[in-house]
Amino acid sequence: QVQLVESGGGSVQAGGSLRLSCTASGYTYSTNYYVGWFRQAPGKEREGVATIYPSRGTTYYADSVKGRFTISRDNAKNTVYLQMNGLKPEDTAMYYCAATARLRFGYGLSQHDYAYWGQGTQVTVSS
């Protein structure tokens, strides 16, 4: 059974940094699955933040986080990270990681592509 567990959320001031982790069990990230980070703020739809492809590790980002967030993976630890720098109050949300074996709706930032989801980790950025 595929399971994803996120960690690393917390509260920071604007301009600060956090690193989120998403560790998988039940399958191997590196060769088989696309992994994405999503976020959802209260009253808003869930949005794709970043995705990383299997094999060559191609990455894509939402325009709102380009240049500030970096998605990466450690194959040995079966973990995908989201390094978040220059955090803004509008980054406040519940962050989720998700995984899928194939993409059907674009580059990997659509939640409809993902079959497996973690429980989420809260990120709060104060001004």
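Colleague: With which residue does Glu 47 form a salt bridge?

Modeller: This is a predicted model, where local features need pLDDT of at least 70, side-chain atom pairs count only at pLDDT 80 or more, and totals for chains, interfaces and linings use all residues. Residues are numbered from 1 along each chain as its sequence is written, and side-chain values use heavy atoms, with hydrogens and water left out. A salt bridge needs a side-chain nitrogen of Lys or Arg within 4 Å of a carboxyl oxygen of Asp or Glu. For Glu 47, the closest N and O atoms are 2.6 Å apart, and the partner is Arg 39.

Colleague: Is Arg 39 buried or exposed?

Modeller: Buried means under 20% relative accessible area, exposed over 50%, and partly exposed in between (1.4 Å probe, protein chains only). Glu 47 has 32%, so Glu 47 is partly exposed. Arg 39 has 5% relative accessibility, so Arg 39 counts as buried.

Colleague: Which residue forms a salt bridge with Asp 91?

Modeller: The closest N and O atoms of this pair are 2.7 Å apart, and the partner of Asp 91 is Arg 68. The pair links distant parts of the chain, 23 residues apart. Asp 91 is buried at 0% relative accessible area.

Colleague: How many salt bridges does the structure hold?

Modeller: Asp 63 and Lys 66 meet in one of them, at 3.1 Å from N to O. Arg 39, Glu 47, Arg 68 and Asp 91 are linked in a network of salt bridges. The structure's count of salt bridges is 4.

Colleague: Why is the disulfide of Cys 22 and Cys 97 right-handed?

Modeller: A disulfide is a pair of cysteine sulfur atoms within 2.5 Å. Cys 22 and Cys 97 are joined at 1.9 Å, S to S. The disulfide is right-handed because the torsion about its S-S bond is about 60°.

Colleague: How many residues apart in sequence are the parts that Cys 22 and Cys 97 tie together?

Modeller: Strands are DSSP runs of E, at least two residues long, numbered from the N terminus. Cys 22 lies in strand 3 and Cys 97 in strand 9, so the pair ties together parts whose separation in sequence is 75 residues.

Colleague: With which side chain does the side chain of Thr 51 make a polar contact?

Modeller: A polar contact is a pair of N or O atoms within 3.5 Å; within protein, one must be able to donate a hydrogen and the other to accept it, and residues adjacent in sequence count only if both atoms are side-chain atoms. Thr 51 lies in strand 5 and is buried at 0% relative accessible area. At 3.1 Å, its side chain meets that of Tyr 114.

Key. Helices (H or I, at least four residues) and strands (E, at least two) are DSSP runs, numbered from the N terminus.
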